[in-house]
Structures are given as structure tokens and as C-alpha cells.
Amino acid sequence: MTFGIFLLFGFAILALAGGTSNLPPPEKMDLLSRLAGPSERHLLGTDHLGRDLLSRLLAAIPVSLGAALKTMAAILAIALPWGLISGLAGGRTDMVMMRLADIVMAFPTLVLALAVIGFMGASLEASIIGVAVAWWPSNARLIRALVLSANERDFVKASYLAGASRRRVIFRHVLPQILPPLAVIVSLETASVLLALSSLSFLGIGAQPPMPEWGAMLNEARPFFAHAPHMLIAPGLAVVCAVLAFNLVGEGLRDLLDKRRPYQW
Amino acid sequence: MRNIGLTVGQGEVVGLIGRSGAGKSTLARCLVGLEKPSTGDIRLNGASIVPGKGTARRQLQYLWQDPVQSLSPYLSAHGAVMEALNGFSIGSPNSRKSSASAYLNDLGVTPDMQGRRPHALSGGQCQRVALARAIAADPQVLILDEPLSALDFSTRVQAIELLQKLHRETGLAMLIVSHDLAPLRHLASRILVLDDAQIVEDIRMEHFAERAAHKLSRAYVRTLTAEPTADSIDGNSISD
């Protein structure tokens with residue numbers, strides 16, 4: 001987990017450094033230096049339009065990671081209340097809500113995301129909404145399962161019998177139980193959401209040029225792979241490192257929480 | 001279970017015993033709404049109640065088998081009792097803090113322990129906190145599900161003394177579920193024996209040894225022949 005946090009911290013520092021450095025602006029073209037390899041002037045080389053790759057890579061950090069976090073926030077905005085209400089209400093409400101989630105889950109996630117993007121038009125915002133629409137049901141199911149398990153604990157029932165209101169039971173005894181495992185899920189899911197967004201940008205239906213975004217940079221590099229492999233390596237490595245960081249943090253959190261007794265959560 | 005009926009009189013302490021898995025706990029849980037019987041009626045002071053709802057939630061309090069698991073890890077001992085006082089709006093808001101402390105003090109939870117959470121308390125201390133929380137609700141009936149089984153021998157003796165003291169001082173009616181007769185002879189005035197999903201014996205404690213007729217009851221009597229020792233209190237449960 002430490003390495004994961006270190007990587008994420010590193011991304012944050014680099015993103016800040018990118019904005020204050022004297023690197024060329026990420027959109028500035030220099031057609032005379034197109035497809036140039038790494039040099040003293042351009043540490044990571046240039047792309048097919050002569051733009052500085054390091055500058056674009058750093059400018060893409062807030063775009064790519066920000067998009068992943070925004071998507072995760074959108075997923076949680078739907079999945080958290082959905083899973084909570086479904087798990088706590090039980091009965092017919094639970095059945096109807098879960099069948100609706102099942103219907104959405106019946107579509108392959110990327111196909112559903114593509115359909116939403118097709119409807120809205122290719123853009124980073126559309127891909128955020130598309131991924132959120134496709135990803136929320138599985139997260140709602142997970143949250144519902146956590147709620148059901150938390151709600152069955154003796155102390156939750158005991159608090160209710162001892163006079164606590166339904167609202168107090170939810171906020172004081174159920175939600176605190178699900179937050180730590182939810183943090184693990186969010187961290188691991190952010191990694192897969194980041195991959196999905198990068199894939200959509202790679203396919204040309206996510207972030208649109210000239211916006212610097214790792215997936216879009218990979219897409220732009222594709223035709224020049226044979227002549228300028230450096231165009232692929234840098235954004236590719238950035239995606240790998242970011243996914244690895246979120247996964248490591250998620251795994252680390254899980255290990256940390258597994259070591260603790262459940263009632264200490 | 002079918003055709004089960006039991007009555008607990010005002011201020012009476014009734015013991016419900018039977019083999020493990022006989023349905024004793026299920027029956028007790030039905031009384032507070034933790035289980036739903038398919039048919040039947042539960043009455044309090046002659047009036048039908050919906051267990052776990054309305055005033056019945058306060059009047060019938062339940063003590064879990066495992067006291068540690070029945071206390072929220074997010075609340076201190078004092079917070080747990082406060083939750084009951086606030087939840088049932090008992091006393092004025094200003095007096096509740098001191099009331100909660102008084103309930104805990106009465107049951108032997110000292111002020112230095114009152115700020116601790118369950119994982120920082122022993123099983124016996126947690127049971128005292130759970131008991132204080134139940135008493136704070138000012139119930140008419142206290143249902144105790146195997147209140148001694150999760151405790152070690154010395155704590156069991158203390159718990160028996162605590163329940164005796166509680167009954168003496170409050171006159172609270174209690175239904176104590178147990179798989180073991182030995183501790184009940186120190187607590188209950190009447191014993192119900194549950195077997196084959198039926199109540200097969202309903203007899204006063206003082207007559208149990210002489211008059212109990214059912215074979216399971218006789219088996220329980222045999223566990224009482226020895227002097228109360230660690231072993232007899234610790235659970236000579238009746239096996240099938």
C-alpha cells in the first residue's frame with residue numbers, strides 16, 4: 001500500500017510541477033520537431049505534431065485521474081443510495097431495485113458505455129457518464145450485500161430494540177460498518193474505471209484532441225508505433241502506474257482491515 | 001413449533017430450558033420481534049402487542065447471548081445506555097447523562113470503564129453494560145437469552161448475583177432462556193421445559209426435583225444431584 005500511496009502522491013506532485021514548470025505548453029506544435037526522440041530539449045520526445053510529450057503527459061494527469069475520480073463519484077452517487085435503500089428496505093422494494101440493476105448488468109459494460117457515448121456524442125464527459133451508467137449496478141449490488149451483512153449484526157438489532165431510531169441505526173451503526181470495505185472497493189474500482197476511460201479514449205470516443213489524456217495519447221501514437229515507439233511508452237507506463245497505484249492502495253486497505261476484528265471497524 | 005403457550009407473571013422469573021436447538025431462543029426472539037411467528041398472539045398486560053414496535057419495544061427488553069457482540073463498537077458503555085435513554089425519551093435531556101452513569105454504577109461499571117468501548121471491556125463488563133442499557137429502558141419484562149453461556153465460571157457467579165440483586169431491587173419480570181438448569185435454580189421461581197417443540201413441563205422451581213415427570217426434566221434433575229460446583233454451573237447440558 002505504501003508504494004501505491006507513493007505513486008499517487010508522485011502523480012499529484014508531477015501534476016503540480018507540470019503547471020509551474022518551464023516546459024512548452026502541451027498544445028504548442030512544432031512541426032519541424034515532429035516525432036523527435038528523447039533529447040535534452042524534449043525529455044520524452046515529441047509527438048506527430050511536434051508537441052512536447054512530457055508536457056502533455058503531465059497535463060494529462062489531472063485530466064485522466066480527474067476523469068476516473070469523477071466517474072467513481074458518479075458511480076457512488078447512484079450505487080450508494082441504491083444499495084443502501086435496497087438493503088435496508090428489503091421485501092418488494094429490494095426486489096424491484098435489484099431487478100432493475102440486474103437488467104442494466106445484463107448488458108456488457110463496455111457495450112453499454114459505447115451506447116451512451118453514441119447517444120451523447122464522443123467526448124470525455126460522455127465517456128464519464130457512459131462508464132458510470134455501465135458500472136453502477138455491480139457497485140450497488142456490492143453495497144447492498146455490505147448493508148445486508150452489517151444489518152444482521154447483533155449490535156445493530158440491539159440498538160434498535162434499545163430505542164435507537166431507524167435513522168440513528170443507519171447512520172450510527174450500519175454506515176460506519178460499510179465505509180471501510182467500501183473504501184477498498186472504491187480504490188479497486190477506480191483502477192478499472194481508469195482503464196475503461198483510457199480504453200474509450202484509445203478508441204477515439206473518449207477525450208478528444210487536442211486534450212491531453214493518456215488513452216487519447218495512445219490513440220494518437222498508434223499509427224506511428226513503428227517509427228516513434230516513445231509516443232506509446234510514456235502514456236502507456238502512466239496508465240500502468242496509475243492502475244497499479246489504485247490496486248495497491250485497495251489491496252493494502254483490504255489487508256489492513258482484514259487484520260482488524262470486524263467490530264473494530 | 002406448534003401450540004406453544006407460556007405466561008410470565010408480574011415480577012416473576014421464569015426459566016425456559018431445553019436441549020440445544022429445541023427452539024428456546026427462537027421463542028424468546030419472537031417476543032421482541034427478532035423472529036416472526038407464522039401465527040399466534042403475544043399479550044402484555046392482557047393486550048395484544050406487535051413485538052419490537054411501539055411501546056412493546058420498550059416494555060420487552062432483550063439481553064443477547066453474546067454481550068460483546070450486542071454492544072455497538074462505535075459507542076462507549078455510557079453512550080450505549082444514553083442511546084436507550086434518548087431513544088425512549090426517558091427523563092429530561094439534561095438528566096440523562098447522570099442517569100446513564102447511575103445505571104452503570106449500580107451494575108458495577110465504574111466511571112473509568114464507562115468511557116470505554118466494548119472491545120476494551122471484558123465479557124462480564126459488557127454484560128453489565130448490556131443489562132444497564134436494558135434496565136435504562138424501564139421495561140416490564142426482561143428476556144435473557146442464555147445470559148451465562150458466553151461467560152467464564154467466575155463471571156457467571158457474578159452475573160447470577162447481579163441478576164438476583166436486580167430482581168430483588170426492581171421486581172422486574174424475567175424470562176431466562178438456558179440449556180442448563182443449574183444456574184436457574186438460583187434465579188427462577190418457575191421452570192418451563194421445552195422438548196419436541198412443545199412445553200412438556202411447567203413447574204415451580206422448588207418442586208422441580210421431586211415432581212418433574214417428563215424424562216427430559218428427570219434428566220435435568222440428575223444434573224442437580226451434585227452440589228453446585230464449577231462443573232454444575234458451568235453447564236451439564238442435556239445431550240440427545
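This is a predicted model: local features need pLDDT of at least 70, side-chain atom pairs count only at pLDDT 80 or more; totals for chains, interfaces and linings use all residues.
Ala, Val, Leu, Ile, Met, Phe, Trp, Tyr, Cys and Pro count as nonpolar, Asp, Glu, Lys and Arg as charged, and the others, Gly among them, as polar.

Chain A contains nine helices and zero strands, so that, by the DSSP runs used here, its elements read α-α-α-α-α-α-α-α-α from the N terminus on. The C-alpha trace of chain A spans about 75 × 40 × 25 Å along its principal axes.

Helix 2 of chain A covers residues 53–89. Its 37 residues, at 1.5 Å a residue, should span 54 Å, and the C-alpha atoms at its ends are 52 Å apart, which agrees. At the start of helix 2, a side-chain oxygen of A:Asp52 comes to within 3.4 Å of the backbone nitrogen of A:Leu54. Further on, helix 2 bends by about 35° at A:Ala60, with a proline, A:Pro62, following within four residues. After helix 2 comes A:Gly90, which has a positive phi near 65°.

**A salt bridge in helix 9**

Over all chains, the whole structure holds 19 salt bridges. One of these joins the side chains of A:Arg254 and A:Glu251, with a distance of 2.6 Å from N to O. Both A:Arg254 and A:Glu251 belong to helix 9 of chain A, residues 230–259, where they are three residues apart, about one turn of the helix. An α-helix has 3.6 residues a turn, so residues three or four places apart point the same way. Side chains of opposite charge can pair when their charged atoms come close.

**Backbone features in loops**

Most residues other than glycine have a negative phi, and most peptide bonds are trans. A:Pro210 sits in the loop between helix 7 and helix 8 (214–221) of chain A. B:Ser89 lies in the loop between helix 3 (77–87) and helix 4 (96–106) of chain B.

**Pockets and cavities**

The table gives volumes and the make-up of the linings.

| Space | Volume | Lining by class |
|---|---|---|
| Largest pocket | about 990 Å³ | 18 nonpolar, 15 polar, four charged |
| Second largest pocket | about 690 Å³ | twelve nonpolar, six polar, seven charged |
| Largest cavity | about 100 Å³ | eight nonpolar, three polar, three charged |
| Second largest cavity | about 80 Å³ | eight nonpolar, two polar, one charged |

The largest pocket has 37 lining residues, and those nearest its centre are B:Leu6, B:Leu27, B:Leu31, B:Asp41 and B:Ile42. In chain B, helix 1 (24–31), strand 2 (43–44), strand 5 (141–145) and strand 6 (173–178) each supply at least two residues of this lining. Helix 1 of chain B gives the most, with four residues.

The second largest pocket is lined by 25 residues. Nearest its centre lie A:Tyr160, B:Gly33, B:Leu34, B:Lys36 and B:Lys53, a set with residues from chain A and chain B. On the side of chain A, helix 6 (154–161) and helix 7 (166–202) each supply at least two residues of the lining. Helix 6 of chain A gives the most, with four residues.

Five cavities of 30 Å³ or more are counted. The largest cavity is lined by 14 residues, of which B:Glu146, B:Leu148, B:Ser149, B:Ser178 and B:Pro183 lie nearest its centre. Strand 6 of chain B gives the most to the lining of this cavity, with three residues.

Which residues line the second largest cavity? From chain A they are A:Ala158, A:Leu161 and A:Ala162. From chain B they are B:Gln61, B:Tyr62, B:Leu63, B:Trp64, B:Ser70, B:Ala130, B:Arg133 and B:Ala134. Two or more residues of this lining come from each of helix 6 of chain A, strand 4 (60–63) of chain B and helix 6 (123–136) of chain B.

Key
Residues are numbered from 1 along each chain as its sequence is written. Chains are lettered from A and ligands numbered from 1 in the order in which they are written. Side-chain values use heavy atoms; hydrogens and water are left out. The expected span of a helix is 1.5 Å times one less than its number of residues. The bend at a residue is the angle between axes fitted to the seven residues ending there and the seven starting there. A polar contact is a pair of N or O atoms within 3.5 Å; within protein, one must be able to donate a hydrogen and the other to accept it, and residues adjacent in sequence count only if both atoms are side-chain atoms. On a 1 Å grid over the protein atoms alone, a cavity is a set of points where a 1.4 Å probe fits but cannot get out, and a pocket is an open set with protein on both sides within 12 Å along at least five of seven lines; lining residues have an atom within 4 Å of a point. Grid points are joined across faces, edges and corners, and a volume is the space filled by probe spheres set on the points. A salt bridge is a side-chain nitrogen of Lys or Arg within 4 Å of a carboxyl oxygen of Asp or Glu.
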